[in-house]
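Colleague: Could you take me through the aromatic side chains in this model, and then show me a helix that is worth a careful look? I like to know how each term is defined.

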Amino acid sequence: MINRETKAIKTKKADPIYRNRLVNMLVNRILKNGKKSLAYKILYQSMINIKRKTDKNPLSVLRQAIRKVTPNIKVKARRIGGSTYQVPVEIQSFQGKALAIRWLLQACHKRSGKNMASKLSYEIMDAARNNGNAVRKKEETHRMAEANKAFSHFR
């Protein structure tokens, strides 16, 4: 009889100021070339900008933005019988959050502006108001899934 040990689930660490794992996930995605202190500096500066512009708690604005950008469904390319179909697939909440963070940061990079902190703060505020490039990307994904709903039996 083989004794199998259950693998301990690693919990993500929280950031030092806001004590939030979502903020830490965002910092880890901002991270370039291992410069975590610079990533924290960018994010905290953008949180200060959000607080100054909206007079609301920046953490709640960030949560609201992530919630508005998080997709419920995505399309996955499946090759069946020599042709490729875009098959809609439901995704888990953790994967949806990861996609939302990635889309937010991609929209920040494409945005014109002075520095990354201001671009990130404006993109987060736009997403919280349900407009901006990240929200557009989510809606586009949902439209593609709706259009290819006929191929959902290929899962």
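Modeller: Happy to. Rings of Phe, Tyr and Trp (its six-membered ring) pair if their centres lie within 6.5 Å; planes under 30 degrees apart count as stacked, over 60 as edge-to-face, and the rest as tilted. This is a predicted model, in which local features need pLDDT of at least 70 and side-chain atom pairs count only at pLDDT 80 or more, while totals for chains, interfaces and linings use all residues. Residues are numbered from 1 along each chain as its sequence is written, and side-chain values use heavy atoms, with hydrogens and water left out.

Applied here, the ring rule gives two aromatic pairs. One joins Tyr18 and Tyr44: their ring centres are 5.9 Å apart and the planes meet at 50°, so this pair is tilted. Tyr18 sits in the segment before helix H1 (21-30) and Tyr44 in helix H2 (residues 36-54), so the pair links distant parts of the chain, 26 residues apart. Helices here are DSSP runs (H or I, at least four residues), numbered from the N terminus.

How covered are these rings? Buried means under 20% relative accessible area, exposed over 50%, and partly exposed in between (1.4 Å probe, protein chains only). Tyr18 has 23% relative accessibility and therefore counts as partly exposed, whereas Tyr44, at 15%, counts as buried.

Tyr44 also pairs with Tyr40, and that pair is stacked, with 5.6 Å from centre to centre and 25° between the planes. Because Tyr40 and Tyr44 are four residues apart in H2, about one helical turn separates them. Tyr40 counts as buried because its relative accessibility is 15%. Through these ring pairs, Tyr18, Tyr40 and Tyr44 are linked into a cluster.

For your helix, I would pick H5 (residues 116-128). Its 13 residues reach 18 Å from the first C-alpha to the last, close to the 18 Å expected at 1.5 Å a residue; the expected span is 1.5 Å times one less than the number of residues. H5 is mostly covered, with twelve of its 13 residues buried. Among them are Met116, Leu120, Ile124 and Met125, as well as Lys119, Glu123 and Asp126.

What do the buried residues of H5 pack against? They pack against H1, H2, helix H3 (58-69), helix H4 (93-110) and helix H6 (133-147), where contact means heavy atoms within 4.5 Å. H2, where Tyr40 and Tyr44 sit, is therefore one of the partners of H5. Just after H5, Asn130 takes a positive phi of about 70°.

Technical notes: Helices (H or I, at least four residues) and strands (E, at least two) are DSSP runs, numbered from the N terminus.
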